[in-house]
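The topics are taken one chain or interface at a time.

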Amino acid sequence: MLSFAIETGFVLIGLAMLLNLWRLLRGPDITDRILALDTLNINAIALLVLYGIREASSAYFEGALILAAMGFVATIALCKYLLRGDIIE
Amino acid sequence: MNPAVEFLVASLILLGALFALLGSVGLARLPDFFTRLHGPTKATTLGVGATVLASAVFFTATQPGLSLHEIAVMVFLFITAPVSAHLLAKAALHRGKDGSND
Amino acid sequence: MMRRLLPRPGLSVALFLLWAVLTNAASFATLLLGALLALLLPFIVSPFWPDALRVSRPGVAVKFAARIGWDMLLANWAVARRVVGPVAKLHPAFVEVPLDLRDPFAATVLGSIVSLTPGTVSIDVDRERWVLQVHALDAPDPEMLVQQIKQHYEQPIKEIFRC
């Protein structure tokens, strides 16, 4: 039962990441792309945690934690750049 | 592993993955930026939250001692998601005002 | 005396819990180190740490947190249904919620909660007019939404922080 749930989870999250990728490539605005990137990152965390359960190894958790922290900082930095880095402003 | 625990972990994983997918469907499908913002901030965050919770239950059940550090990721995600959404929305508004929507 | 030893009880407790959670509360020694850090760090950061509001009604806060958890599940269900359903039927709207709160921290808490609960994302807090700008995914009746946010979330926050 558990391995079935994990495999299904991989498929569902994989699909979610494909959709994120589609939005990332399609845009149309830069903010859409940042949002897509942020969501892609969050889904990657889920995938990593799921992989950790499959391998029954808690080592992947540290990766998930770092991914969460880096992803958040990256999103904030990009948004701040959009808000403040404008030449016109 | 106890079948009840296994069932709990499996359902949390499925629930989490389903919500993560739904959030991404929202991101791909909805018509404009502000509506798209709703999917990832809520559904995806809850989805990852459920997956991480599944991991906490799984490792607590299979390994000696409690496995609590997953909770830290969950709390972190729930605190940061609204902040990212807020800043993204602000950035989008800012760009909209300049008329530099390209 | 208590105040001198523990200038920030909330911060100390949060630090200790975070330490315990991150180290999986592995042994007594790690917990002891965590407790030591939780006692020392507030002193080190106090010169530049902004003064946060104190939670004056912990009981209400716990009940409020539980309700938010429940609301979050409902919110996700609501958003999921609308995401899968017909897009043309949605009524997305910008809504302005006039605030009674006058504290930036409390307003931030409210904004975050609004972002995580039913169909709304907070966009901006106008600190001159004290208005919370909210975007709703599906709001056929914006006036009701404003009332709901004020009653369900703003009132308890006001009560918890007593501001």
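Of the 102 residues in chain B, 59% are buried. The model is a predicted one.

**Form of chain B**

- Chain B contains four helices and zero strands, and its pattern along the sequence is α-α-α-α.
- Along the principal axes, the C-alpha atoms of chain B occupy a box of roughly 60 × 25 × 15 Å.
- The radius of gyration of chain B is 17 Å, whereas a compact globule of 102 residues would have one near 13 Å.
- Among the contacts in chain B with a separation of 6 or more, 60% join residues 24 or more positions apart.

**The side of chain B that touches chain C**

- Contact between these two chains involves 30 residues of chain B and 27 residues of chain C.
- At least two residues of this side of chain B come from each of helix 1 (3–29), helix 2 (33–36), helix 3 (38–62) and helix 4 (69–98).
- Helix 4 of chain B makes the greatest contribution to the side that touches chain C, supplying ten residues.
- By residue class, the side of chain B that touches chain C consists of 18 nonpolar, nine polar and three charged residues.

**Pairing of the chains**

- Two pairs of chains touch, and the pair with the most contacts is that of chains A and B.
- Chains A and C do not touch, and their nearest C-alpha atoms are 10 Å apart.

- The domain assignment divides chain C into domain 1 (2–45) and domain 2 (58–161).
- A distance of 32 Å separates the C-alpha centres of domain 1 and domain 2 of chain C.
- Helix 5 of chain C covers residues 104–116, 13 residues in total.
- From its first C-alpha to its last, helix 5 of chain C reaches 18 Å, close to the 18 Å expected at 1.5 Å a residue.
- The buried residues in helix 5 of chain C are C:A106, C:A107, C:L110, C:G111, C:S112, C:I113, C:V114, C:S115 and C:L116.
- In an α-helix there are 3.6 residues a turn, so residues three or four places apart point the same way.

Conventions
Residues numbered from 1 in each chain as written. Chains lettered and ligands numbered in written order. Predicted model: local features only at pLDDT ≥ 70, side-chain atom pairs only at ≥ 80, totals over all residues. Contact = placed C-beta atoms within 7 Å. Nonpolar A, V, L, I, M, F, W, Y, C, P; charged D, E, K, R; others polar. Expected span 1.5 Å × (residues − 1). Buried ≥ 20, exposed ≤ 12 C-beta atoms within 10 Å, placed from the backbone. Domains from an automatic or database assignment. Rg over C-alpha atoms; globule rule 2.2 N^0.38 Å.
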